[in-house]
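Subject: Structure handover

Hello,

Here is the structure I promised to pass on. Please open it, then read my notes below.

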Amino acid sequence: MDAHDVPVLTADDPEGLRARRDSLTDALTEHGAVIVRGLDFDGPASFAACAAAVTDDLIPEREGFAPRDVHSGHVYSSTHWPSNQPMCLHHEMSHARQVPTKLVLGYLRPADTGGATGLADAAAVLDALPAELVDRFARHGWRLSRTYQPLLGTQWSDAFGTTDRAEVDRYCAANDIDHIWLNDGGLRTTQVRPAVMKHPGTGTPCWFNQIAFLNEHTMDPAVRDYLISELGPDGLPFTTSAGDGSPVTPQDVDVINQVYEDLTVHPSLRAGDLMVVDNIRSAHSREAYTGDRDVLVALGDPVRHG
């Protein structure tokens, strides 16, 4: 994927965008992302109308890793990730059973500096990774382990969208998540998912996971060591391993991230742009930034993963 290959369409309003839906879908299939200009959205309500024009079903986020502002109509802010830290390439909800195939981003206000959205073609990433690494995760999948601590990180009530433990129990049972309620009111979950997913439209195999992004070795070493000393190795907010329980090594993380970096492009985006991303085909990231960057997010058209 080349930054110049991300096509730009124009539309005056949600109805005009809906009328161009077939063209947008074709471009999305070919390029993995499409930019739409000319829409006059200025907040969550008008953005929601635009997002609904390019999806059949907007869905709520579940099992999130960082807080978002929640608006009506399944519209969110971008995650409140520290602005001085980049957000690594990832696919939204690749750890879930129901995953959105479309990610819709509405750029209300760009950053003063930095803050670019990166994209990487997940099929190209799969091809570029070492065969031995791909084979290990293709055979075993990847395991995500999370501990929701009462005073640390994302709370389980935010991640699951409820304060009702019974509802969390039902969600976990329906989505193949092993979970244990902790004596301090926290929650520990484990789930195994495929690391490679065939694109639901084209059948193309894609590297679709968050093995590197959610691994403990992406943390600052001093922070990781402190958390382990205070909470124990099972108390980390999140980490990953292979589906058979074998560890993801620092070298694995470095190799995956290097391939991502080599294949990342940064399309030119400005205030008022809508970008539709094929969430299976394209991983996305966010650079560190300064200023009041403001981006709205919607997730749509889910498929079952695994």
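Is W207 buried or exposed? W207 is buried, because its relative accessible area is 0%. Buried means under 20% relative accessible area and exposed means over 50%, with partly exposed in between (1.4 Å probe, protein chains only).

Some ground rules. This is a predicted model: local features need pLDDT of at least 70, side-chain atom pairs count only at pLDDT 80 or more, and totals for chains, interfaces and linings use all residues. Residues are numbered from 1 along each chain as its sequence is written, and side-chain values use heavy atoms, leaving out hydrogens and water.

**The core**

W207 belongs to the largest nonpolar core, which has 29 residues. Such a core is a set of buried Ala, Val, Leu, Ile, Met, Phe, Trp, Tyr and Cys residues joined through side-chain atoms within 4.5 Å. Among the members that touch the most others are V125, F137 and W207. Helix α9 (250–263) gives the most to this core, with 4 residues. Helices and strands here are DSSP runs (helices H or I, at least four residues; strands E, at least two), numbered from the N terminus. Beyond its neighbours within four places in sequence, V125 is in contact (heavy atoms within 4.5 Å) with A120, W207, V259, Y260 and L263.

**Aromatic pairs**

Rings of Phe, Tyr and Trp (its six-membered ring) pair if their centres lie within 6.5 Å; planes under 30 degrees apart are stacked, over 60 edge-to-face, and the rest tilted. The count is 7 aromatic pairs. F137 and W207 make an edge-to-face pair, with 6.3 Å between centres and 85 degrees between planes. F137 sits in helix α5 and W207 in strand β14 (residues 205–207), 70 residues apart. F137 is also buried, because its relative accessibility is 0%. Y148 and F160 form a tilted pair, because their centres are 5.8 Å apart and their planes lie at 55 degrees. Y148, F160 and Y171 form one aromatic cluster.

**The sheet**

What is the strand order in the open sheet of 4 strands? The order is β11-β12-β10-β15, with antiparallel pairing. Two strands pair if DSSP finds at least two bridges between them. The edge strands are β11 (178–181) and β15, each pairing on one side only. β11 and β12 (residues 187–193) pair over 4 bridges.

Best wishes
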